[in-house]
Amino acid sequence: MAPAERRLEGIRSMKHKVATTVNGRRHEHEVEPRLLLVHHLRDNLGLTGTHIGCDTSQCGACTILVDGKAVKSCTMFAVQAEGKSLTTIEGMAKDGELHPIQQAFWDEHGLQCGYCTPGFIMAAAYLLAQNPNPTEDEIRKGLEGNLCRCTGYVNIVKAVQTAAKTMSTAPARKTTVAAGGN
Amino acid sequence: MIPAAFEYARASSVEEASNLLSKFGEDAKVLAGGHSLIPLMRLRLAQPSALVDINGLKDLDHIKEDGRKLRVGALTRHVTIQNSSTVKEKLPLLAEIAGEVGDNQVRNMGTMGGVIAHADAAGDYPTLALMLDADIVTNQRTIPANEFFKDLFTTALAPDEIVTEVVFPVATGAHKYVKFRRRLFDWAIVGVAAQKMNGGWRIGLTNVGPTPVRATAVEEALHKGAQPEEAAQHASDELDPAGDLRASPEYKKHLARVLTKRAINQAEGRQ
Amino acid sequence: MAVSQLVGAKIHRREDPRLITGHGHYIDDFTRQGAAYVAFVRSPHAHARIKSIDITDASKAPGVAGVYTARDFKGQLAGTHPAAPAFVAEKKYIPERFPIAEKEVCYQGEIVAAVLADTKGQAADGANLIQVDYEELPAVMDLEKALKDGGPKVHDGAADNVSWDLTFTGPDVTDAAFKEADVVVKQRILQNRLAPVPMEPRGVLAEYETYDKKLTIWMSSQSPHFIRLFVSGAMGLKESQVRVISPDVGGGFGSKISPYPEDYLVPALSRLAERPVKWIETRTESIQNATHGRGQYYDVEVAAKTDGTLLGLRVTQFLDVGAYCGTFSAFQACACLMAGGAYKWKGISARTIGILTNRVPTDPYRGAGRPEATHLVERMVDLVAGELKMDPVEIRRKNFIQPQDFPFTQNFGLVVDSGDYEKALDVAVKLAGYDDLRKKQADLRKQGKYLGIGLSTWIELCGFGPSAATAPATGGIALVESAQVRVTPTGSVIVYTGTHSHGQGHETTFSQLAADQLGVPYESIELRHGDTSEGTAFGYGTYGSRSLAVGGVAISKAVGKVIDKGKKLAAHMLEAAEEDVVYEHGSFHVKGSPDKAKAFGEVAFASYGMSLPEGMEQGLEAVAYFDPPNLVWPFGTHIAVVEVDAETGSAKLEKYIAVDDCGNIINPMIVDGQIHGGIAQAIGQALYEEVVYDEDTGQLKTGTMIDYMVPSAGEIPPMSLDHTVTPSPTNDLGVKGIGEAGTIAASAAVINAICDALSPLGIKHVDMPATPDRLWHMMKGTSK
Ligand SMILES: Cc1cc2nc3c(=O)[nH]c(=O)nc-3n(C[C@H](O)[C@H](O)[C@H](O)COP(=O)(O)OP(=O)(O)OC[C@H]3O[C@@H](n4cnc5c(N)ncnc54)[C@H](O)[C@@H]3O)c2cc1C
Ligand code: FES
Ligand code: FES
């Protein structure tokens with residue numbers, strides 16, 4: 001590598017400050033611009049519940065909420081999360097109590113290997129915040145950004161239906177996870 | 001995969017963004033929603049030397065009615081367009097198209113300006129922009145859509161030029177976008193948009209060539225009173241699409257005809 | 001089986017709380033202090049000679065700790081990639097395979113160099129700086145051309161491109177049947193190459209402790225003990241020096257059974273660099289390098305009588321082996337032995353040919369050989385029905401092996417344990433509303449719409465298995481299974497099994513089994529698997545729907561041994577004769593006097609004390625092996641209803657019905673889940689998925705999830721499921737297997753439905769994937 005290139009390399013790996021609130025806790029880190037948000041969550045914050053299943057933004061395994069909106073955290077750089085409030089799967093259960101969507105995935109056998117599950121739960125949280133009473137078709141369309149190889153989606157759809165029911169009857173939880181969207 | 005290293009700067013104004021682009025040089029790129037750029041960078045098919053993040057430019061995130069025009073800021077996210085009551089009222093076809101781009105997560109991040117500037121043959125907004133004679137406004141000039149899309153992933157934009165707005169005409173008549181794809185979240189194999197406007201039809205085709213196509217032959221046939229079925233036969237008149245994994249050239253041409261018929265019929269409330 | 005509360009019940013999975021809260025432990029969640037990351041440089045060509053590798057720039061790149069090529073591994077790794085006999089005991093040619101290419105690359109993605117660096121990003125940067133000078137060689141892609149003399153070869157040193165050519169039964173076996181026939185139907189049937197695409201890609205983290213000479217490998221594997229066996233051998237270590245831990249596995253579907261080059265290279269790198277080394281596969285690497293499934297075509301002929309009686313079947317399997325023999329690639333030849341399906345035949349002739357090409361090797365993928373068998377026989381039966389204008393239901397009824405025929409010795413001498421095929425068919429036909437569907441179909445046809453109804457009356461063999469059958473197939477190790485049950489002094493129970501789980505929920509079902517049999521609370525059972533240093537001496541892993549029917553039975557046997565010892569001890573404690581002690585609901589008591597009793601916990605505690613009967617050793621634990629007397633044979637009927645768009649050729653699944661029989665059911669919720677997922681994978685094969693290479697250059701064209709089309713929730717229809725229960729006589733639990741059933745059954749149902757839909761156009765056969773483009777071309781009478 002030529003010295004000029006080496007110098008450029010240095011500039012490009014220069015770190016930027018990124019301050020985020022993740023699951024209610026403030027974090028500050030210095031990160032390389034190229035660090036993907038998902039790697040930041042996993043490697044710097046130790047939040048390994050958010051998974052990586054592809055290189056091309058198809059699978060949704062990395063889905064989290066950014067200011068209440070479902071986002072594929074593999075398709076955002078950590079530096080872009082500056083000042084944002086993030087919710088990951090680890091922030092869904094509160095005080096030892098599962099979020100109704102988590103409970104529904106458990107009750108309806110909405111997971112097998114579980115690898116896609118955090119992404120689905122976060123996508124479902126967003127979906128139900130937008131549309132608390134979705135039809136089966138709306139659920140299937142609402143989850144189009146997430147792929148599961150194990151369940152054939154049958155029980156995932158059922159889980160979201162069940163969650164919609166419990167969430168509409170149960171009093172609203174303090175942890176409104178997906179308030180955002182338009 | 002991990003993208004190659006790059007320099008990063010947040011712009012706080014369009015002017016600053018443009019200056020940063022000039023400073024960083026030709027390999028620098030604008031970062032908007034990132035939903036075309038970041039996947040390419042992860043595959044290292046794109047290795048920009050620097051990214052100028054325009055996500056902080058809130059004044060580019062807008063939807064404004066301006067007489068007979070609808071002005072959509074470059075940073076307006078698909079989800080905002082999809083749900084905007086202004087868009088639903090003034091150009092409902094745009095709201096419909098926005099709701100069909102990618103999936104929820106993609107729509108929460110991807111932007112109008114990003115789709116227009118990226119100029120993917122399968123991008124959905126370029127079709128609408130072209131067929132409705134929209135204007136692409138940049139920090140330097142206004143470019144009519146029919147002069148903007150030059151080739152696959154190639155536009156009239158200069159390296160330091162930034163799309164700020166896309167200006168569509170208001171159109172509230174019968175309309176439909178028929179997007180044919182294998183999976184719900186896929187890009188169009190072929191897409192056809194139909195919009196009734198000023199007493200005539202505007203027909204646009206997605207992914208049947210390197211750039212979007214306006215099906216003027218269909219528009220003319222309809223103007224002369226041809227039935228949709230008949231007029232739609234002209235949808236493939238001038239097409240020479242490249243085949244890909246999903247569709248052969250002749251199948252794409254066939255789809256252009258079938259979907260054109262469907263788009264017109266469905267726009268008018270027929271099946 | 002004893003009446004029980006847990007077995008047969010919908011018990012919530014105990015693995016779920018950690019998985020739904022983000023606290024699972026998948027391979028990428030592990031790290032070691034001081035670990036280096038490795039990025040592999042892979043061949044961009046399908047076939048090329050390596051002229052030189054320039055590592056100068058990479059070696060100097062920031063953070064790079066080392067660059068390694070084949071030469072560096074020469075003293076580190078020995079031997080060649082294992083290729084089990086499986087169903088082809090004698091292969092003509094097994095290419096030598098070292099985990100990293102030295103002189104020649106034979107498929108796109110083959111590793112040529114490894115870059116070790118402090119961070120993932122630096123490793124990737126370093127890999128990008130390596131310059132390899134290749135001389136491209138012609139790629140062998142087409143199976144038919146590959147078989148021709150004088151053409152290009154996959155491996156220079158080989159005589160030709162044939163890895164095996166085995167005739168199980170010659171044409172003579174079916175001569176009589178074909179002579180007798182009124183009709184003969186012939187068809188070539190393609191099996192599209194598939195990528196397994198578990199949502200979690202593979203990964204390996206290895207730590208070699210130089211001074212202790214101990215190696216620990218964390219990896220995402222379906223069979224950690226086999227990996228220990230292979231890797232220790234290659235590295236010159238004893239099995240006992242190596243520990244393989246496979247934590248939560250994010251799906252496998254067969255692609256995480258066999259060892260991979262990285263499984264050897266990462267540990268070897270750790271030994272070379274004297275630090276832990278981690279590698280996590282990217283999705284692109286996964287689609288490119290994880291073994292593919294299917295990739296075959298079949299030439300099939302069926303002889304039948306006018307009344308629909310099936311007489312003879314002739315099958316030749318042409319199987320794309322890829323560039324090297326996958327460890328279990330020849331397993332897929334079982335498609336030949338299963339080609340007869342659920343029917344009686346006078347004779348079946350079968351031959352398998354394994355052909356080398358410049359593609360990534362094929363290996364078992366969910367169902368492995370059995371989906372292919374089902375697909376071909378179910379297609380052929382429909383073709384015969386079409387020829388004879390018979391209803392597909394009727395021709396099946398007419399030819400089924402009947403309930404009274406079991407145990408039934410089929411044409412290849414395999415003994416089908418139990419079945420009632422017509423019963424499952426009846427239930428499915430009723431559930432589908434078959435007659436109404438036919439009426440609806442007729443009505444829609446009048447409107448120019450193409451509705452199709454497709455059946456698949458599938459059977460499979462699974463539960464590998466019996467030592468007599470499996471020891472020769474692996475080269476010596478019988479795929480029996482073992483279990484260890486250890487009771488702690490306070491009465492909690494740890495069950496170790498040699499199977500593993502990659503989504504099947506063994507922590508739940510196996511605990512249900514053990515808790516019921518022991519009569520202790522479900523919560524006091526702990527299941528352990530996936531770690532070669534815990535429990536069983538050897539584990540045979542999870543694949544081939546074997547875990548319950550082999551591993552579960554081993555657990556049951558070990559529990560039985562624990563109870564037996566408990567009885568002896570309880571008799572001593574109760575001062576009764578051993579024969580008089582019965583064990584019920586977690587308590588040992590004297591026959592006829594229920595208050596003279598000792599609870600399980602008391603006995604457990606006593607077993608660690610001092611007042612044991614003469615000659616009894618302390619402790620309460622047992623090891624058991626289960627060598628099943630036979631394989632098990634699940635079956636069922638699936639019905640797919642499809643509408644094909646007359647204009648676009650797009651096939652839409654309207655309805656899907658599945659009635660399956662896997663013997664006794666431990667947890668119906670889990671069984672249904674397995675079926676759902678299996679069906680979805682087969683729908684993927686039938687309509688969406690195919691690994692496509694450029695036929696000239698061998699370049700992979702479907703290298704990302706954009707182009708390799710795993711279906712989403714929008715493409716998979718709702719499913720209606722039901723079951724019949726025909727217990728297996730092969731094991732005491734009466735269980736069969738269900739992990740692969742959906743995948744084995746469904747592609748045939750979907751394609752039969754499409755062919756049925758398009759039959760008014762004279763279309764008889766459609767290959768997979770049935771894409772709109774393909775169907776449209778066929779509908780307008782041109783082929784694509
Ligand atoms: C799973 C998935 C499915 C998708 N499906 C569809 C689909 O069906 N239809 C569709 O149209 N798109 C689809 N997309 C693409 C998506 O809409 C992208 O968001 C869009 O193409 C790019 O917009 P962006 O804001 O994300 O731009 P970025 O990715 O940030 O940028 C894309 C390119 O445009 C340039 N650019 C961005 N903004 C500007 C600007 N204001 N001025 C100048 N240059 C600019 C960038 O420098 C870059 O070169 C899909 C994406 C994914 C991941
Ligand atoms: S990892 Fe697949 S979409 Fe993010
Ligand atoms: S549960 Fe395994 S991928 Fe969804």
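1. A salt bridge is taken here as a side-chain nitrogen of Lys or Arg lying within 4 Å of a carboxyl oxygen of Asp or Glu. A:Asp43 and C:Lys120 form such a pair, with their closest N and O atoms 2.7 Å apart. It should be kept in mind that the model is predicted.

2. Across the interface of chain C and chain A the rule finds 5 salt bridges, and the count of residue pairs in polar contact between these two chains is 24. Helices α1 (16-20), α2 (56-60), α4 (120-128), α9 (283-289) and α19 (668-688) of chain C each supply at least two residues of the side that touches chain A, and α19(C) gives the most, with 8 residues. By class, this side of chain C has 29 nonpolar, 20 polar and 12 charged residues.

3. In extent, the contact between these chains takes 61 residues from chain C and 47 residues from chain A, and the area buried between them is about 4,300 Å², with carbon and sulfur atoms giving 57% of it. Of the area that chain C buries against chain A, 17% is supplied by C:Ile20, C:Met199 and C:Ala713, more than by any other three residues.

4. Turning to chain B, 34 residues of chain C are in contact with 24 residues of chain B, and about 2,300 Å² is buried between the two chains, of which carbon and sulfur atoms give 57%. C:Glu647, C:Met709 and C:Trp776 supply 23% of what chain C buries against chain B, more than any other three residues.

5. C:Glu647 also forms a salt bridge with B:Arg262, where the closest N and O atoms are 2.8 Å apart. The rule finds 16 residue pairs in polar contact across the interface of chain C and chain B; on the chain C side, α4, α19 and α21 (772-779) each supply at least two residues, the largest share, 5 residues, coming from α4(C).

6. Which residues surround C:Val644, leaving aside its neighbours within four places in sequence? Its contacts include C:Tyr450, C:Ile754, C:Leu758, C:Leu775 and C:Met779.

How values were computed: Residues numbered from 1 in each chain as written. Chains lettered and ligands numbered in written order. Predicted model: local features only at pLDDT ≥ 70, side-chain atom pairs only at ≥ 80, totals over all residues. Heavy atoms only, no water. Contact = heavy atoms within 4.5 Å. Buried area = accessible area lost by both parts, 1.4 Å probe. Polar contact = N/O pair within 3.5 Å; in protein donor to acceptor, adjacent residues only side chain to side chain. Helix = DSSP H or I, 4+ residues; strand = E, 2+ residues; numbered from the N terminus. Nonpolar A, V, L, I, M, F, W, Y, C, P; charged D, E, K, R; others polar.
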